[in-house]
Amino acid sequence: MEDQATQLRRLMEGKYNNGASLPKTMPNLGPVPETKTVAVEKEPLPVPEVKEEKEKKEEFIPRTAAEVPSYSRGTARTIAITSGKGGVGKTNLAVNLAIALGQLGQRVVIIDGDLGMANVDILLNTESKHSMMDLLRENVALEDVIVRGPYGVSYISGGSGMEHAADTCTPQQRNYLFQKLAGCDEWADIILVDTSAGIGQNVRDFITAADEVVLITTPEPTAITDAYAMMKAYSTLSSKNNLKLVVNRVFDEKESKEVIGSLSQTARKFLNTRVDCVGYILEDRNMLGAVRKRMPLLAMQPDSMAGKCIKSLAHNILEGRHDKVQLGWQGFLRKIFRF
Ligand SMILES: Nc1ncnc2c1ncn2[C@@H]1O[C@H](COP(=O)(O)OP(=O)(O)O)[C@@H](O)[C@H]1O
Ligand SMILES: [Mg+2]
């Protein structure tokens, strides 16, 4: 009997192609409206101070999820964008997808959950003054933490403290954060969480808390093996079975089919789970050029090959909303703050 690693290696050698579903043809969307680049000089990122909230005697502290009050309708779709291997295109996908979804009439907020890396800031050439953990300060409101970035991209920096929020914050602090963050629902139809790579604890929290997970990989064998490890972790951690694949940096559609075929077959065989693909993105030098200029590809070259792929992906993500929002944004927060 072959072990899983041997099977996976064989699959990656292109021996199988089960013709798993691919996204539809690329729609021809209009250009991205022009906006100005905000050039801000980069300084070292501030380390957020986590201060003890003053004791409020009469304050109600929820002990269970059922006790946490609802502050808004809680209908934002929460999608975690994750990968097994680093550097496969998560942040570029998150930022460009936010623009593409915005063009389709969706209000999108990105949570930069690649903690300590401030990737979204770097790609947009912006600097966020506050991170999520600054909400613990009385004088910092949600509006101060949401960056209204260029090209219509809004985002919140997770900040390095967020990683340990569930363990290091008191119940009062967690409740306080929850109350402030819950309002994000009113600002967004879709919340994209850009996570770190790999299966560290914070990524596990994000992928189990989000209603949907987009797993991005490239055709590189190491990226595929790591994507498989992520699929395996997800299948044991989450009962939602709501994982969608994106294959980035493919040379053509055929290559994406091979990757999707091998991963979906392995998932079916070893994890007894179905994995669908929500799209692929072609290898495109324009992406590199955009990153170097610190502009999103969809702002710089919306009609580039990769740009069209991302617009097509946005369509597929919107069309694929068969399942109702399960936990939504507030459910996401409850999970990450362990209520
Ligand atoms: N479709 C693509 N074609 C060419 N280069 C790409 C493509 N997607 C991503 N890249 C390159 O890969 C690098 C890493 O992308 P990034 O989004 O920062 O990855 P991650 O967030 O997963 O670490 C970027 O420098 C980008 O230029
Ligand atoms: Mg990143």
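**Figure 1. Glutamine 326 is partly exposed in this predicted model.** Its C-beta atom has 13 others within 10 Å. A residue counts as partly exposed when its count falls between the limits of 12 or fewer for exposed and 20 or more for buried, so a count of 13 puts glutamine 326 in that class. Glutamine 326 sits in the loop between helix H12 (305–319) and helix H13 (328–336). Which residues does glutamine 326 contact, leaving aside its neighbours within four places in sequence? They are Asp211, Lys240 and Gly331. Alanine 76 is 250 residues away from glutamine 326 in sequence. In space, their C-alpha atoms are 9.9 Å apart.

**Figure 2. Eighteen residues form the shell around ligand 1.** The closest of the 18 residues are Gly89, Lys90, Thr91, Asn92 and Met287. How many residues of the shell are nonpolar, polar and charged? The shell holds 6 nonpolar, 8 polar and 4 charged residues.

**Figure 3. An open sheet of 8 strands shows mixed pairing.** Read across the sheet, the order is E3-E4-E2-E5-E1-E6-E7-E8. Strands of a sheet pair through backbone hydrogen bonds, either parallel or antiparallel. E3 and strand E8 (276–282) stand at the edges. Each has a single partner strand, so one side of each has no neighbour in the sheet.

**Figure 4. Strand E4 (residues 154–157) pairs with strand E2 (residues 108–113) and with strand E3 (residues 147–148).** E2 and E4 run parallel, joined by 4 bridges. Valine 109 has serine 154 of E4 as its bridge partner. Isoleucine 110 is bridged to tyrosine 155 of E4. E3 and E4 run antiparallel, joined by 2 bridges. Here arginine 148 stands opposite serine 154. The hairpin of E3 and E4 has 5 residues between the strands. In this hairpin, tyrosine 151 takes a positive phi near 60°.

Figure 5. Which residues of H8 are buried? They are Ala223, Ile224, Asp226, Ala227, Tyr228, Met230, Met231 and Tyr234.

**Figure 6. The largest nonpolar core has 95 residues.** In soluble globular proteins, nonpolar side chains tend to be buried together. Within this core, the residues with the most contacts are Leu97, Ala98, Ile110, Ile191, Leu192 and Val246. H2 gives the most to the core, with 8 residues. Leucine 192 touches Ile79, Ile81, Ala94, Leu97, Ala98, Val108 and Ile110, leaving out residues up to four places away in sequence.

**Figure 7. The protein chain has 13 helices and 8 strands.** Of its 339 residues, 48% count as buried. Take the contacts between residues at least 6 apart in sequence: 83% of them join residues at least 24 apart.

Definitions and conventions: Residues numbered from 1 in each chain as written. Chains lettered and ligands numbered in written order. Predicted model: local features only at pLDDT ≥ 70, side-chain atom pairs only at ≥ 80, totals over all residues. Near = placed C-beta within 6 Å. Nonpolar A, V, L, I, M, F, W, Y, C, P; charged D, E, K, R; others polar. Contact = placed C-beta atoms within 7 Å. Pairing = 2+ DSSP bridges. Core = buried A, V, L, I, M, F, W, Y, C linked by C-beta atoms within 7 Å.
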